[in-house]
Amino acid sequence: MSLEIIDRHSEALFEFLWCPVCGHEVFSHIPFEGVFCRNCNTQVELQESRETRGYEEAVLACFDTHSTWNLHVDEKLRRDLPDGSARVKILGAPGAYEVDWWSPAPGEDWEPVERGEFDDVEEPDEVSHLA
């Protein structure tokens with residue numbers, strides 16, 4: 001008996017993707033568990049979109065913070081998702097991805113962390129040892 005592995009999404013998609021909770025761009029895949037942000041452990045699940053509008057790829061990235069750590073410690077370096085989850089629709093092809101929409105839509109109550117938004121902010125020593 002053998003196990004066949006099917007890669008549904010290109011590595012380029014993960015190079016484009018970033019975590020809307022902490023802004024980091026590195027994800028880890030744990031077999032049989034899922035894909036998680038390496039910095040804050042937010043889980044991301046990729047789904048094929050039903051509607052592509054002619055783009056080569058249309059993907060829904062669903063982020064869930066049920067396993068995220070340290071959101072309560074320093075909110076200056078992280079931003080929780082509304083009701084613990086959010087989705088983003090990504091259109092395009094490797095090298096030319098773009099965000100189509102977020103759900104829930106960013107507004108006064110919630111705004112996703114932008115890629116690298118907290119890169120220049122130093123995490124206090126009393127917080128860094130907890131992650």
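Q: What does pLDDT tell you, and what is its mean for the protein?
A: pLDDT is the predictor's confidence in each residue, from 0 to 100. The model is predicted, and the mean pLDDT of the protein is 80. Of its residues, 80% reach 70 or more.

Q: Which element has the lowest mean pLDDT, and which the highest?
A: The lowest mean belongs to α2, at 53, and the highest to β6, at 93. Where pLDDT is low, predicted coordinates should not be read in detail.

Q: How do you know that β2 and β3 pair?
A: Pairing needs at least two bridges between the strands. Strand β2 (residues 34–37) and strand β3 (residues 43–48) are joined by 2 bridges, so they pair, and they run antiparallel. Phe-36 stands opposite Gln-43 in β3. The two strands form a hairpin with 5 residues between them.

Q: What makes β3 and β4 a pair?
A: The rule asks for at least two bridges, and β3 has 6 bridges with strand β4 (residues 57–64), so the two strands pair, in the antiparallel sense. Gln-47 stands opposite Leu-60 in β4.

Q: Why is Asn-41 called buried?
A: Buried means under 20% relative accessible area. Asn-41 has 17% relative accessibility, so Asn-41 counts as buried. This residue lies in the loop between β2 and β3, and its phi is near 75°, a positive value in a residue other than glycine.

Q: Why is Asp-83 called exposed?
A: Exposed means over 50%. Asp-83 has a relative accessible area of 83%, so Asp-83 is exposed. Asp-83 is found in the loop between β4 and β5 (85–92). Its phi is positive, about 55°, although Asp-83 is not a glycine. Most residues other than glycine have a negative phi.

Q: How do you know that the bond joining Ser-103 and Pro-104 is cis?
A: The peptide bond between Ser-103 and Pro-104 has an omega of about 0° and is cis. Pro-104 is found in the loop between β6 (98–103) and α2 (125–128). Most peptide bonds are trans.

Q: What makes the lining of the largest cavity nonpolar, polar or charged, by class?
A: The count is 1 cavity of 30 Å³ or more, and the largest has a volume of about 30 Å³. Its lining includes Phe-16, Trp-18, Val-88 and Ile-90. The elements that give two or more residues to this lining are β5 and β6. Phe, Trp, Val, Leu and Ile are among the types that count as nonpolar, and the lining has 8 nonpolar, no polar and no charged residues.

Definitions and conventions:
Residues are numbered from 1 along each chain as its sequence is written. This is a predicted model: local features need pLDDT of at least 70, side-chain atom pairs count only at pLDDT 80 or more; totals for chains, interfaces and linings use all residues. Side-chain values use heavy atoms; hydrogens and water are left out. Helices (H or I, at least four residues) and strands (E, at least two) are DSSP runs, numbered from the N terminus. Buried means under 20% relative accessible area, exposed over 50%, partly exposed in between (1.4 Å probe, protein chains only). On a 1 Å grid over the protein atoms alone, a cavity is a set of points where a 1.4 Å probe fits but cannot get out, and a pocket is an open set with protein on both sides within 12 Å along at least five of seven lines; lining residues have an atom within 4 Å of a point. Grid points are joined across faces, edges and corners, and a volume is the space filled by probe spheres set on the points.
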